[in-house]
Amino acid sequence: MSKTNTAPANATDSSLHVTVPGSDTAVDLAVTDGAIRATDLRKIPAGDGALLSYDPAFLNTASCRSAITFIDGDKGILRYRGYPIEQLAGKASFLEVAWLLRHGELPTQGEYDTWVHDITYHTYVHENVKTFLQGFRYDAHPMSMLCSAVAALSSFYPSAKNIHDPEERNLAIIRLIAKLPTLAAFAYRHIKGLPFVYPDNDLSYVENFLSMVARMTEPQYEARPVFTRATEILFILHADHEQNCSTNAVRAVGSSHVDPFSAVAAGIAALYGPLHGGANEAVLRMIQDIGNVKNVPAFIEEVKSGKGSSRLMGFGHRVYKSYDPRARIVKALADEVFKEVGVDKDLEIALELERIALSDDYFVSRKLYPNVDFYTGMIYRSMKFPMDFFTVLFAIARTAGWLAQWEEMLLDKEQKIARPRQIYVGPGERPYAGTLKY
Ligand code: CMC
């Protein structure tokens, strides 16, 4: 089979002419936005049937058309709805970004005020959710708690299954964005053996979250402004990242038309993994294992040799083949935070890892650069968050993106239940001749 005419990238209304050697078959496949439709491959005969594309892990397959987030991995560009991440992270609030992701435009003052009001007034959870969370062991991982609690919310709001009703969708989206910080903070307090702190409607989204985490006897908790600012920025950086593993999970599970609480619980489960959101926790564990800056060269050699299971956590990305723009912002933010609260004890190790990796041919040739997770853990640690809580912080922020993507998927007439094909490589038909006794 030969391709005789490949379309230039991003061309529209062009075509790919395919001829099948040894046959008269010649097919023109339409190329739109630089992509062919995989279903058009069925026009091409192959073996006993039609041609199928094989793409484990979606390395070169677009699963949707999306207008939410743009990434240029080679140039290190990230934009939400066209707005550069650098501008949003410096100037916008997280809830403004959450609105933008969902609606496509920045909110007017009136829209924003109503949005903030609605989110603020849905932060409480049913008292039974508290009891549910108290059933977890003292050493439960907070991501397990969060994932289960969000799935459980589906049973508290059964009308959320009316996903084709815009009002129900709106309410479920507000509830999810509003309650995630409450559930996350309750998980934290449970593990610490501390009483739960109820939401304070006089505080901003981020301040209220920090209050539910840290408040003790004071009548109103006042977070350090540098921590409020850092959290706001980190939430914005984590709010969406187009079709990553967890977003794909939310879209795939949501495509069965289950309620959004269940779909978001699937996203949290995907985010938990160390190759995805769990990497921020894994970075700090790796740095702790390295222990001293003098051990960095030996660790780098171990990673390069492929011995053991070591990877340089916080490095590499499926899409970014240059510096992750979020990592640049996080590094500058870390400097700001450390200036106020003191330098993290392991910063020296992190800087040395980054210095060696950025000049070592193994990493350079594979285009492995620091990703967003490389420095976030150190900021979170300076805020006294335990390591296993880092991914929970990521999940709170990503909920805004998951929901925007979920709704976009639902409203996209082209989408159907996600159901990939497979290439069967197992045995052919054979007779059952079981010998077990029951
Ligand atoms: N350390 C050492 N080698 C690496 C790393 C790394 N962190 N990442 C990739 N490589 C190597 C890999 O061994 C392979 O080498 P070779 O071609 O010799 O076999 C090559 O680079 C390509 O790697 P890949 O696994 O095919 O790349 P991928 O696109 O499937 O994986 C990744 C992307 C993020 C899973 C991977 O880079 C990784 O495991 N990074 C560490 C975990 C991490 O930091 N994850 C957070 C990602 S950013 C936050 C988020 O969006 O979740």
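**Entry: α13 against α16**

I looked up which residues of α13 meet α16. Val330, Lys331, Leu333, Ala334, Val337, Phe338 and Val341 in α13 meet Tyr375, Thr376, Met378, Ile379 and Ser382 in α16. Contact here means heavy atoms within 4.5 Å. Helices (H or I, at least four residues) are DSSP runs, as are strands (E, at least two), and numbering starts at the N terminus. By class, this contact has 9 nonpolar, 2 polar and 1 charged residues. I count Ala, Val, Leu, Ile, Met, Phe, Trp, Tyr, Cys and Pro as nonpolar, Asp, Glu, Lys and Arg as charged, and the others, Gly among them, as polar.

The model is predicted: local features need pLDDT of at least 70, side-chain atom pairs count only at pLDDT 80 or more, and totals for chains, interfaces and linings use all residues. Residues are numbered from 1 along each chain as its sequence is written, and side-chain values use heavy atoms, with hydrogens and water left out.

Next I took the geometry. The axes of α13 (residues 325-341) and α16 (residues 373-382) come within 9 Å and cross at roughly 25 degrees. Axes are lines fitted to C-alpha atoms, for helices over the stretch in contact, with angles from 0 to 180 degrees between N-to-C directions. The two helices α13 and α16 are therefore roughly parallel to each other. The cut-offs are under 35 degrees for roughly parallel, over 145 for roughly antiparallel, 65 to 115 for roughly perpendicular, and oblique for the rest.

**Entry: cover on α16**

Is α16 buried or exposed? I find 10 of its 10 residues buried. Buried means under 20% relative accessible area, exposed over 50%, and partly exposed in between (1.4 Å probe, protein chains only). What covers these residues includes α8 (225-238), α11, α13, α14 (347-359) and α17. After α16 comes Lys384, with a positive phi near 75 degrees.

**Entry: α11 against α17**

I turned to another helix pair. The axes of α11 (residues 279-290) and α17 come within 7 Å and cross at roughly 155 degrees. These two, α11 and α17, are therefore roughly antiparallel to each other. α11 passes α17 in a right-handed crossing. Asn280, Glu281 and Leu284 of α11 make the contact with Phe390, Thr391 and Phe394 of α17. By class, I note 3 nonpolar, 2 polar and 1 charged residues.

**Entry: the nonpolar core**

The largest nonpolar core has 121 residues. Such a core is a set of buried Ala, Val, Leu, Ile, Met, Phe, Trp, Tyr and Cys residues joined through side-chain atoms within 4.5 Å. Tyr80, Ile177, Phe209, Met286, Leu312, Leu353 and Phe385 touch the most other members. Helix α17 (residues 390-411) gives the most to this core, with 14 residues. Apart from it lies another core, of 8 residues, including Leu16 and Ile44.

Leaving aside neighbours within four places in sequence, its contacts include Ile68, Val97, Ile236 and Asp240.

Glu408 is found in α17. Glu408 is buried, at 17% relative accessible area. What does Glu408 touch, not counting residues up to four places away in sequence? I list Arg65, Ser66, Ala67, Ile68 and Arg251.

Gly82 lies in the loop between β8 (77-80) and β9 (83-84). Gly82 is partly exposed, with a relative accessible area of 47%.

Note on methods: A crossing is left-handed if the near helix is turned anticlockwise from the far one by less than a right angle, and right-handed if clockwise.
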